[in-house]
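Subject: Structure handover

Hi,

Here is the structure for you to look over. My notes on what turned up in it follow below.

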Amino acid sequence: MANHSHLVAITIILLVLGFTTLPVSAKECESKYNGVCHDTKQALKLKVIAIFSILVTSMIGICLPIFSRAVPALQPDRDLFVLVKAFASGVILATGYMHVMPDSFDDLMSPCLPELPWRKFPFTTFIAMLAAVSTLMIDSFSISYFKKKLSPSPENLEAGTGTEIKELMQLGHNHGHGHLNNGHANGQENVEKVTPEQLLRYRVVAQVLELGIVVHSVVIGLSMGASENPCTIRPLIAALCFHQLFEGMGLGGCILQAEYGLKVKAIMIFFFSATTPFGIALGIGLSKVYSDTSPTALIVEGILNAISAGLLNYMALVDLLANDFMGPKLQSRVKLQIWAYVAVLLGAGGMSVMSLWA
């Protein structure tokens with residue numbers, strides 16, 4: 001599943017590259033990045049700084065939860081991990097609603113596009129709705145398919161996927177024992193045991209969430225790379241560093257719970273960390289032929305942002321927040337549940353405020 005998701009992400013990137021190199025329309029509007037503040041050389045310096053700062057911040061954000069096993073207080077069965085994950089989930093939720101979806105509205109309802117059909121029909125919310133339903137279908141079918149494969153019948157264990165099934169069952173068993181041992185050491189009795197089905201769900205969540213983040217990261221990186229407005233780029237660097245740090249923590253927490261091997265973890269860290277810098281570099285290279293107000297660029301960016309918004313909103317609400325808040329750990333501890341809600345609101349509020357500078 002990991003390889004499949006990354007192939008899809010690469011295909012989307014190539015499609016963006018293909019569309020944005022098409023000749024732009026003769027009738028173009030003034031660029032949303034051009035204005036009084038326009039300096040190509042200064043903008044290029046800021047974009048180079050952005051590539052390295054966003055890359056480093058992204059790696060720190062996604063690696064913090066993954067390497068948290070060395071810090072007992074940040075392990076997945078501890079309260080602090082629950083609060084950090086709730087904060088990061090709030091960041092992801094606000095990213096979908098406050099950053100990605102408004103960008104899609106701006107693109108698909110731009111005056112640079114014909115009034116019919118683009119400003120007569122809410123394509124952004126329609127596409128986001130379809131993306132959310134499609135994500136639900138993928139989530140549901142994947143879980144139901146593998147649940148059948150995980151049934152302990154001799155036929156399933158002897159089938160071609162038997163190795164993967166045994167690995168999931170063994171990981172779930174070991175993961176549960178690790179939690180139980182920690183619980184006994186700390187005098188806790190009610191520690192959640194991770195089943196193979198739960199472990200499988202964690203893996204599906206991590207893959208689908210990364211796909212949505214990668215799509216948005218390429219689009220926003222491409223827009224920044226094509227900009228020649230230092231007044232816009234400067235605050236956007238700070239906003240994106242904040243965004244990548246805490247969004248990476250949310251994704252890193254999902255990857256940690258999924259119990260992936262070292263190779264898959266490295267691939268997922270690389271894709272998350274490199275996609276925004278790649279988009280910026282791509283935008284710099286295409287700045288001579290790419291116009292952020294050409295009909296082709298607006299439609300492609302708008303559709304991809306709408307897809308990403310629907311996916312991120314579904315993942316944040318259903319697979320992250322609802323899954324945790326309806327789970328036994330938070331349901332049995334009202335005080336922890338209240339603090340988790342506070343963490344969600346802080347994360348969503350912080351990311352929403354960042355939209356003032358993004």
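**The largest cavity**

The largest cavity has a lining of K85, R201, Y202, V205, C254, Q257, D319, L320 and N323. A cavity here is a set of points, on a 1 Å grid over the protein atoms alone, where a 1.4 Å probe fits but cannot get out; lining residues have an atom within 4 Å of a point. The volume of the largest cavity is about 40 Å³, where a volume is the space filled by probe spheres set on the points, and grid points are joined across faces, edges and corners.

By type, the lining of the largest cavity splits into 4 nonpolar, 2 polar and 3 charged residues. Nonpolar covers Ala, Val, Leu, Ile, Met, Phe, Trp, Tyr, Cys and Pro; charged covers Asp, Glu, Lys and Arg; the others, Gly among them, are polar.

**Basis of the numbers**

This is a predicted model, in which local features need pLDDT of at least 70 and side-chain atom pairs count only at pLDDT 80 or more, while totals for chains, interfaces and linings use all residues. Residues are numbered from 1 along each chain as its sequence is written, and side-chain values use heavy atoms, with hydrogens and water left out.

**Overall fold**

The protein has 13 helices and 0 strands. Helices (H or I, at least four residues) and strands (E, at least two) are DSSP runs, numbered from the N terminus. Of the 358 residues, 50% are buried. Buried means under 20% relative accessible area, exposed means over 50%, and partly exposed is in between (1.4 Å probe, protein chains only). Take the contacts between residues at least 6 apart in sequence: 83% of them join residues at least 24 apart. Contact means heavy atoms within 4.5 Å.

The unreviewed UniProt entry places "transmembrane region" at residues 50-68, 80-101, 121-146, 268-290, 296-317 and 338-357. UniProt positions are in the numbering used here, feature names are shortened, and annotations may be inferred rather than shown by experiment. In the model, residues 80-101 are 100% helix and 0% strand, with end C-alpha atoms 31 Å apart. Residues 296-317 are also 100% helix and 0% strand, and their end C-alpha atoms are 32 Å apart.

**Nonpolar cores**

The largest nonpolar core has 53 residues. Such a core is a set of buried Ala, Val, Leu, Ile, Met, Phe, Trp, Tyr and Cys residues joined through side-chain atoms within 4.5 Å. I62, L209, L251, I255 and M315 have the most contacts inside the largest core. At least two of its residues come from each of α2 (40-66), α3, α5 (123-150), α8, α9, α10 (262-285), α11 and α13 (334-354). The largest share, 10 residues, comes from α3. Another core lies apart from it, with 13 residues, among them L46, A50, I51 and L240.

I62 sits in helix α2. Is I62 buried or exposed? I62 is buried, because its relative accessible area is 0%. Beyond four places in sequence, I62 touches G248, M249, L251, G252, I255, M268, I269, F272 and S273. I62 and E247 are 185 residues apart in sequence, yet 7.8 Å apart C-alpha to C-alpha.

L209 has contacts beyond four places with I92, L251, C254, L311, L312, M315 and L320. Two of the residues named here, C254 and L320, also line the largest cavity.

**Other sites**

H216 lies in helix α8. H216 is buried, at 3% relative accessible area. Beyond four places in sequence, H216 touches T95, V100, H243, N305 and S308.

M109 is in the loop between α3 (79-108) and α4 (115-118). M109 counts as partly exposed, because its relative accessibility is 39%. Beyond four places, M109 touches W118 and R119.

Two backbone points need a look. Most residues other than glycine have a negative phi, and most peptide bonds are trans. The L116 to P117 peptide bond is cis, with omega near 10°; P117 is in helix α4. E259 is not a glycine, but has a positive phi of about 55°. E259 is in the loop between α9 and α10, and counts as buried at 17% relative accessibility.

Best wishes

Definitions and conventions: On a 1 Å grid over the protein atoms alone, a cavity is a set of points where a 1.4 Å probe fits but cannot get out, and a pocket is an open set with protein on both sides within 12 Å along at least five of seven lines; lining residues have an atom within 4 Å of a point.
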